[in-house]
Amino acid sequence: MRVDKIGSATVNLKLSPWVPVTTRCEARAGNVVVVRVLTENATYNHLELPTGRLCKINRNDLIVGVLGERRALKGFVGDIPPKLSPGDRLHILNLGGVIGRCVDHYNELGEAIEVELLGMVADEDGAPVPAILNIAKGAIPPREHLERSCPLVLVAGTCMSAGKTFAAAQLIKHFTHVGYRVAAAKLTGIACLRDTLNMEDHGAIKTLSFLDCGYPSTVSAPNLPAIAKALIAELNTVEPDVIVLELGDGIIGGYNVHVLFEDAELLRFVAATVFCASDFVGAWGGVRLLAAKRVPITVISGAVTDSAMGREFIEREWGIPAANAMRNGEKLYRLVEEKVLAFRNAAR
């Protein structure tokens, strides 16, 4: 079957527009599906291609996507139905082409685009009866232990759109400008190339995400610390001086971010933690939640630091440095670099 568009969630499979399709369907996260677009959405209507380019989704388009789940606070919420057959109605849940059954949506986005399941892409390699192609094919395997790593910088926050991506990009840019070799990854969230491409635009020499381990999202990903360790170990193969790790979504939410703060072996390599929040209450909650897990916050950023009032309050009342990534990325970088240098000196 010749399709019109291919979602970026399939990027590592390097599919052509001609794909072998089977009507045998299996409801498994990561399975590659072919769908026909039934409806349009005036607001959320683009698909990210494997090149990273965004293209308009039109009615009757044939699209290749990936079965997956989403739990966005300000986006779509969707699951994988327990059984699937050709003709079933599903929805496009994100830019990367993750497909599932939408059960709710953020008001400003409108209804998710509805699609008809035509079948699943067959994996014609090897077996006499073709299997269903899954993005786990050829993916980086999870890793139970992380024996060594360069210093890690975590960028976490209260929820999506808290300023994490911008803060991570500023750190990568400033580290790169003074000569550091920076690698980067997105450890949690839903499959999309936008954020990792943005990291590369700001100087990262190598980027990865959970997608490279074969997961369309981290909603139901088993053993997330093992996925994180696999990505960190792979990034260390290019011998970076520092690795910046963005944790998509909030430290409380549907993407299991919190479990990363419960893995002592992983935290052993964390030199600095940036926490992004939109307001005082969110920042206050993050400070206490991470303190309960014995994770010190290096600097608070995000919209809560947009004005001097916010920055002064945080530093005066909580004794934690505050830096706004948009207005003073240099300060943010200096605070984090100090911790990275201390980590490297302690490791010698």
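Predicted model: local features only at pLDDT ≥ 70, side-chain atom pairs only at ≥ 80, totals over all residues.
A salt bridge here is a side-chain nitrogen of Lys or Arg within 4 Å of a carboxyl oxygen of Asp or Glu.

**Helix α7 on its own**

- Helix α7 runs over residues 329–347, which makes 19 residues.
- From first C-alpha to last, α7 reaches 27 Å, close to the 27 Å expected at 1.5 Å a residue.
- The buried residues in α7 are G329, L332, Y333, L335, V336, E337 and V340.
- An α-helix has 3.6 residues a turn, so residues three or four places apart point the same way.

**What α7 packs against**

- On the strand side, the buried residues of α7 pack against β13 (152–157), β16 (242–247), β17 (270–276) and β18 (299–301).
- Those buried residues also pack against a helix, α1 (164–177).

**The α1–α7 contact**

- The axes of α1 and α7 come within 9 Å of each other and cross at roughly 70 degrees.
- From α1, the contact draws on A167, Q170, L171, H174 and F175.
- From α7, it draws on G329, E330, L332, Y333, V336, E337 and V340.
- Sorted by type, the residues of this contact come out as 7 nonpolar, 3 polar and 2 charged.

**Salt bridges**

- The count comes to 14 salt bridges in the model.
- K5 pairs with D61 in a salt bridge, with the closest N and O atoms 2.6 Å apart.
- This pair ties together distant parts of the chain, 56 residues apart: K5 sits in strand β1 (residues 5–6), while D61 is in the loop between β5 (54–56) and β6 (62–67).
- K5 counts as buried because its relative accessibility is 14%, and D61 counts as buried because its relative accessibility is 9%; the cut-off for buried is under 20%.
- K186 and D195 form another salt bridge, with closest N and O atoms 2.4 Å apart, and both residues are buried.
- R143 forms a salt bridge with E147, where the closest N and O atoms are 2.8 Å apart.
- In that pair, R143 counts as partly exposed because its relative accessibility is 33%, whereas E147 is exposed, with a relative accessible area of 53%.

Definitions and conventions. Residues numbered from 1 in each chain as written. Heavy atoms only, no water. Helix = DSSP H or I, 4+ residues; strand = E, 2+ residues; numbered from the N terminus. Expected span 1.5 Å × (residues − 1). Buried < 20%, exposed > 50% of the residue type's maximum accessible area, 1.4 Å probe, protein only. Contact = heavy atoms within 4.5 Å. Axes fitted to C-alpha atoms, helices over the stretch in contact; angles between N-to-C directions. Nonpolar A, V, L, I, M, F, W, Y, C, P; charged D, E, K, R; others polar.
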